[in-house]
Amino acid sequence: MDELTIAMPKGRIFEEAYELLVKAGYDLPKELDDSRKLIVEAPNERFRFILAKPMDVPVYVEHGVADIGIAGKDVMLELDRSVHELLDLGISRCYIATAGLPNTEMNPVTPRIATKYPKIASRFYRGKGEQVEIIELNGSIELAPMIGLADRIVDIVSTGKTLKENGLVEYEQIVDITSRLIANPVSYRLKQQRIRELVENLRKQAKA
Amino acid sequence: MTIQMFEKPLGMRDDFPFIAKKKAELRAKGTSIMQGSGYDLLQTPTLEYYETIGKISAIPDNALFKLLDSQGETLVLRPDMTSPIARVAASKLLKEKMPVRLGYYSNVFRAQKREGGRPAEFEQMGVELIGDDSLYADAEVIILASTILKELNVESGRVVIGHTQLLQLILKDFGLDNSQIDIVRSALVSKNSVRFEQLATELLDDASKAAAFKGLVTTSSLEDWKPYIDASNEEQAALYGEMLKLQTIIQRNGLSEAITYDLSFTSHMTYYTGLVFEFYGAGSGFPLGNGGRYDGLMKQFGLHVGATGFGLRVDRLLEVIAPDREAEPHILILFSEETEELAHEQAQELRTNGSRVTLQYAPAVKALEEFSALFSEVRRLEGATNG
């Protein structure tokens, strides 16, 4: 049986993905995320987990240092890496939206958009026929309209609580997001049987 | 940005001696197999016109290195080898000698935007068989590429084969129009099975049809293709018949283990008109090379003939081929002023017998011990140590 290296995003998605794998019948060690280890083995299943930043998962998978990975569709859309997108796991559901201070218009001369997702944002506004200036931030995007850095933000919304607490309102929904099972194109061919088996096992759980 | 003295332009690499040596071996092996199969090697210019090769090569515009010549014409550093060879083949010189078999080992240039692991200049080796539209030509190039991979000791080498024309016909049979087929193809090209399955439900109202459609991405043998072939459709039946013949030839060559027939496999290159294939091996996260039948490209050069070929990426082959751990015997002869003549005589004799010999004037070496450690054998000729 081929060993599979799986890149897992640390944090929110991890919990749900871990649960899904266990439900699909995989025998995984309990303390997978507790430790500070970056590489964890699951010898019973011949799995090796790489615990990575969510934005880095498709990078590991594209370069083939991980055979498969679990990545949010937001990350996939932003990075546009050459990997197989095999299965919608249906977990970590949320969406990307534009938001800003209530009852405001965008600056007609230089509309500015703050975001962690510059590609998704510029694709969206270009699609609407609007030319905007993108300001790339790494976190606390909600700050930008509050302190006058940008007219709108483009960000992930799951419950809308963060927006509300910071006095922002949602303007447009851009795209729905769930986590995806992805695979390296070479691994997909060389370890085809194992990967397909995993897809089928997870598919049953993802639907349930 | 100030450029530091040690820096190279984005994506450019130096070939250090051990890599240069490995490449030379690879080149020698690869080209001798090509030549042994009747292919003549050729070299085309590094610079080509943007109007012709630049546009036809199907490499995205922002990946082309462009420059202007003294006449104001836009030139490109050649981004691929298939289109220059098609240009040569379409010339008067070779037109009368069809089918022609041409092989190459050349560097190509593609500007890179992203991080490391993506050289902007890399070598490719491959062949083009132009003027033969039979399946025997396709079989020949697939077997030739597989032979090269085998001879280079590529581990778990695998070839995935698809057929763009057959795929097109089958998608049409599902009742899709051309614009829908384009959407489906682009999902397949971007390897997005999730999108592909969504399309099945969106485009097909019949549930059993949708289920069959979804199954396209899991086909891995010609047996799996069979349910999709409409036997009453002459074109489909003929193409499928050819695939079976191809399979027989491949089996006879002992390669069947390493082949996956994936009906959903296709290419972003729109000039491929029939068979398409891609090569993989353990050790590289990226495909080793690809190829296919590109009658469409020849048409752009005004030649209505069949053509097929493959290209292998040397940079990726280097990743998958185990490096030689064993150091090659290399003799160092250290000489002094007095022993210079003797040293030359000895070196001459050793070299005649096939040894690799470095001659070095000993006093010119600052760190004698470190320098000597680079060789498998050191001979100090009389007087050399007092220098």
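Trainee: How many residues of domain 1 of chain B are in contact with domain 2 of chain B?

Mentor: In this predicted model, 21 residues of domain 1 of chain B are in contact with 22 residues of domain 2 of chain B. On the domain 1 side, α5, β10 (289–293) and α12 (295–300) of chain B each supply at least two residues.

Trainee: Which of them has the largest share of that side?

Mentor: That is α5(B), from which eight residues come. By type, the side of domain 1 of chain B that touches domain 2 of chain B divides into 12 nonpolar, six polar and three charged residues.

Trainee: Which residues have the most contacts inside the largest nonpolar core?

Mentor: They are V127(B), V141(B), A145(B) and L312(B), in a core of 81 residues. Helix α5 (residues 135–151) of chain B gives the most to this core, with nine residues.

Trainee: Why does this core lie between domain 1 and domain 2 of chain B?

Mentor: The core lies between them because domain 1 (12–154 + 283–314) and domain 2 (158–280) of chain B both give residues to it. As general background, nonpolar side chains tend to be buried together in soluble globular proteins.

Trainee: Let us look at A145(B). Which residues is A145(B) in contact with, leaving aside neighbours within four places in sequence?

Mentor: A145(B) is then in contact with F279(B), G289(B), G291(B), F310(B) and L312(B).

Trainee: A change of topic: how many residues of chain A are in contact with chain B?

Mentor: There are 17 residues of chain A in contact with 16 residues of chain B. On the chain A side, α2 (57–63), β5 (84–88) and α7 (185–190) each supply at least two residues. The most comes from β5(A), which gives five residues. The chain A side divides into seven nonpolar, four polar and six charged residues.

Trainee: And how is chain A divided into domains?

Mentor: Domain 1 of chain A covers 4–92 + 178–207, and domain 2 covers 94–176. Their centres, taken over C-alpha atoms, are separated by 29 Å. Four residues of domain 1 of chain A are in contact with seven residues of domain 2 of chain A. Those on the domain 1 side divide into one nonpolar, one polar and two charged.

Trainee: Now the backbone. What is phi of S92(A)?

Mentor: Phi of S92(A) is near 50°, a positive value in a residue other than glycine. S92(A) is found in the loop between β5 and β6 (94–100) of chain A.

Trainee: Does S92(A) count as buried or exposed, and why?

Mentor: S92(A) counts as buried because it has 23 C-beta neighbours inside 10 Å, where 20 or more are required.

Trainee: Where does K191(B) lie?

Mentor: K191(B) lies in the loop between α7 (178–189) and α8 (193–203) of chain B. K191(B) has a positive phi of about 60° although it is not a glycine. K191(B) is buried, with 20 other C-beta atoms within 10 Å.

Trainee: Last one: is the peptide bond from M98(B) to P99(B) cis or trans?

Mentor: The bond is cis, with omega near -10°. P99(B) is in the loop between α4 (92–95) and β5 (100–109) of chain B.

Conventions. Residues numbered from 1 in each chain as written. Chains lettered and ligands numbered in written order. Predicted model: local features only at pLDDT ≥ 70, side-chain atom pairs only at ≥ 80, totals over all residues. Domains from an automatic or database assignment. Contact = placed C-beta atoms within 7 Å. Nonpolar A, V, L, I, M, F, W, Y, C, P; charged D, E, K, R; others polar. Core = buried A, V, L, I, M, F, W, Y, C linked by C-beta atoms within 7 Å. Buried ≥ 20, exposed ≤ 12 C-beta atoms within 10 Å, placed from the backbone. Helix = DSSP H or I, 4+ residues; strand = E, 2+ residues; numbered from the N terminus.
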